[in-house]
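Keep the structure open while you read.

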Amino acid sequence: MQGLKTVELRPEAGAGPADSAGLSAPVVTRPARTQAAAPLCHRLPAAAARALRGGLRMLGEEADHGRLLLFSPVFLGAGAAFWFLAASDFPVVALLLCLSALAVAILVIGSSRVVLRAMLLALAFVVCGMLSAQLETWRASTVILDSAVTTTVTGRVERREGDDRGRWRYILAVTATEAPTLKRPPERVTAIARSTGAPFEIGDIITGRARLTPPSGPALPELNDFSFGAYFDGIGANGFFYGAPEKVDLQAGPQAAASVPEALLEWLYRLRSGIGDRIRSVLPGDTGAFAAALVTDERRAISNETTEALRQSGLAHIIAISGLNMALSAGIFFVGFRMLLSLFPVVAQAYPTKKIAAAGALLAVTAYFLISGFAVSAERAFIMMAVMLIAVFFDRPSISLRNVALSALVIIAISPSEVLGPSFQMSFAATLALVSGYQMWKDRRVRENAFLKLPIIRPIVPVAGFFIGVFLTSLIGGFSTALFSIEHFHRLTAYGLPANLATMPIISFIVMPAGLLAMLLMPFGLDAVPWKVVGFGLDLVIAVAKTVSGWGGDIGVGRLPGWYFAVAVAGFLLVTLLRTRLRHIGAAVIAGSTLVLLLLPAPRAPDLVISEDGALVAVVEATAMASNRPKPSDFIFDQWQRALVLPTHHPPKMLEGPAIPEGEDRRLKLSADQQEEVRTAMQAAATGGETNRFSCVKKAWCISRLASGKVLTVIDNAAYLGPACDVGNIVVTSVRLRFDRCRSGAMLFTGETLRKSGSVELRFTDDGPQTVTAFGLLSRPWTRHRAYDWRTGNFAESGVIDVSDSGG
């Protein structure tokens, strides 16, 4: 073609594979720069021109080695994330037209304009990601309960899981509700019940009085929205039974599922539950719960103490069925089966034992995946291991970034909502970093070292190599997931490296081999001894976790600006997915963004935070939070403390004062004398109490004089609303009132306004209070239930009530 010439690019040392005859890899040819690019280089300074030519050359080398293909799941996931984070749905017709136009443009330009074609392909993947997100949302179509309710629930047990306190968590397919009958009953709920005997079996129809609540939203604006995950998991409500639920028909057995796929899925869950029960019967306590979690991913039975120790020591990844578990199980089965076949020379000489062992390992990891509960980490690890083992059949390299990209494409195409979850992000971040590091290690220039060949040193080399590998794996894995740990959990673990160095040999040589043997012997009832060996190893792991967690090292980081996470992830992807020196741009992006983050002033913390139900309120100071509850909910308050990095809690000062007797109507009106009595008590408490501390009358009201001079009142009963509005500048109540303003002009947050706005942050400025809410317009499928009015049976046309204009 005119304007093009062919140049010969010879591979660098170690850059390409060698053929069986020892010859170098085939020469790669590609089009050189067009003549249009040459004048640009001439107009630039000499150094810039050299940099541009070098960049073009390296970009061409990346394309020649297929590295640009590795970015396809990045753009697919970016499209899905963009769709989920948008304020409203995108028109599907417009997306389809856009995708069609991009497809036509790609076909028209062909392969002549490489850069333009790559850009169009990237846009096409983004649009495909948006379409896959829309399709998954339609496929889920979960009905989420609009508000908390106490009702009698009847449903069919689909899954069950016990915890360390003897309680059982049931997932029920709801068949009926009564007293009251819900207008929009969720199709599936989770309900916790105390065990009074043997748990119900999967398929049983049970009924009981239960308190149901919608899945919670973000504890603070920009934190994790649990209703998002619940929507795509098909869970419309969470709750608990007031008493022990009962089986509807005591004589009837488990009811069959409605379809063959559901029946097969329930059979797998029944098998999974039986395996977990068997393991816990052999190994009691946390040891058995830990072992069951490694096999079936049932983690609720592990005590909070052990779970927290594993988390603080950086060992929580062990109980997640991820790449480590899958790789060890497949590797142990593969090596063991191949060694077994090698004991029979006739078989070893006549059949490809490597491929037979790979087929056996593939069956083993498939069985492991089927009983693991289908977690995202297990899904990703299974696809990775399946691709690696199938590659053995075709004599292809098994460990490669293409395998990672393929597994990411499959998961994003099937479940694009997982892109926003910590499990997906941390799992793929660690895998990308480890595989990229492995490729760099494999492509390094190997130099002969006579010292390593000494007879005294040679036996030590494999052992030293194992521990060096564990060290590097732990180091790379820890650094690669640190960014995502900060984003989702607002903390870092300082001593994860020594904890992993101490436990990885135990997991690799004791726990997983014995666990694999136990699973193979379980059908014959001969698994007790191997499980005892597993228990011995896990006791050592728990001891290490508790020792390391005792050192401290749980570093709170708090919320970071949203731009930093996006920019740092982009830099991380450049570092791990590119092979030339262009990857250093990614390192510069991470370093530069981190430097900017450190130099910029930290965002101002809120002065006041309110939970989405109005039951918990906290005043924020520089080093502590003061709440209106002596023992606030761990679920909400822990998230507040981590996000704001305020570990100290100041409980309220409890007062003796007039209160409505327990059990009275929450909307009962006070007489004029009672109102005056309460008003006087509130004023005295506000005047005499400490600044930024709550003074409370139990189950009645709390009051606090803020540093800004404003008075905050929190009431548990609407009867106190009049005095609270008269005394306070800001009033919070969990009661769902039909109005959102005080006649006195005080700012009012009610259960109704908070249901629509979600959690609230307030900052007091010279221009007045600034309000930040968790939700804006309630137009997305996983937030729309907040706009539903059960009285009219309709969804509110408008979104959130504007609390920022409620006076003050």
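## The β15-to-β20 sheet

Six strands make up an open sheet with mixed pairing, in the order β15-β16-β17-β18-β19-β20; strands here are DSSP E runs of at least two residues, helices are H or I runs of at least four, and both are numbered from the N terminus. Two strands pair if DSSP finds at least two bridges between them. The edges belong to β15 (653-655) and β20 (747-749), each with a single partner strand, so one side of each has no neighbour in the sheet. From one strand to the next, the twist averages 20 degrees. Helix α22 (residues 672-688) packs on this sheet, touching β15, β16 (695-697), β17 and β18, where contact means heavy atoms within 4.5 Å. The direction of α22 makes about 40 degrees with that of β17; axes are lines fitted to C-alpha atoms (for helices, over the stretch in contact), with angles from 0 to 180 degrees between N-to-C directions.

This is a predicted model, so local features need pLDDT of at least 70 and side-chain atom pairs count only at pLDDT 80 or more, while totals for chains, interfaces and linings use all residues. Residues are numbered from 1 along each chain as its sequence is written, and side-chain values use heavy atoms, leaving out hydrogens and water.

## Pairing around β18

Strands β17 (residues 701-705) and β18 (residues 711-715) run antiparallel, joined by five bridges. Tryptophan 701 has isoleucine 715 of β18 as its bridge partner. On to β19: β18 and β19 run parallel, with four bridges, and isoleucine 715 sits opposite threonine 733 there.

In a regular strand, side chains alternate between the two faces of the sheet. In β19 (residues 730-733), Ile730 and Val732 point one way, Val731 and Thr733 the other, and all are buried (under 20% relative accessible area with a 1.4 Å probe, protein chains only; over 50% is exposed, and partly exposed is in between).

Another open sheet of six strands has mixed pairing and the order β14-β13-β12-β11-β21-β22. Here β14 and β22 (768-773) are the edge strands, each with a single partner, so one side of each is left without a neighbour in the sheet. The twist averages 25 degrees from one strand to the next. Six bridges pair β21 (residues 760-765) with β22 in the antiparallel sense, and glutamate 761 stands opposite valine 772 in β22.

Helix α21 packs on the sheet, touching β11, β12, β13 and β14, and its direction makes about 155 degrees with that of β13. The buried residues of α21 (residues 634-644) are Ile636, Phe637, Gln639, Trp640, Gln641, Ala643 and Leu644. After α21 comes valine 645, with a positive phi near 55 degrees.

## Where α8 meets α18

The axes of α8 (residues 285-296) and α18 (residues 528-549) come within 9 Å and cross at roughly 105 degrees. The two helices are therefore roughly perpendicular (65 to 115 degrees; under 35 is roughly parallel, over 145 roughly antiparallel and the rest oblique). Among the contact residues are Phe290 and Leu294 of α8 and Trp531 and Leu538 of α18.

## Serine 132

Serine 132 lies in helix α5 (residues 114-140) and counts as buried because its relative accessibility is 13%. Leaving out residues up to four places away in sequence, serine 132 touches Ile412, Ala413 and Pro416.
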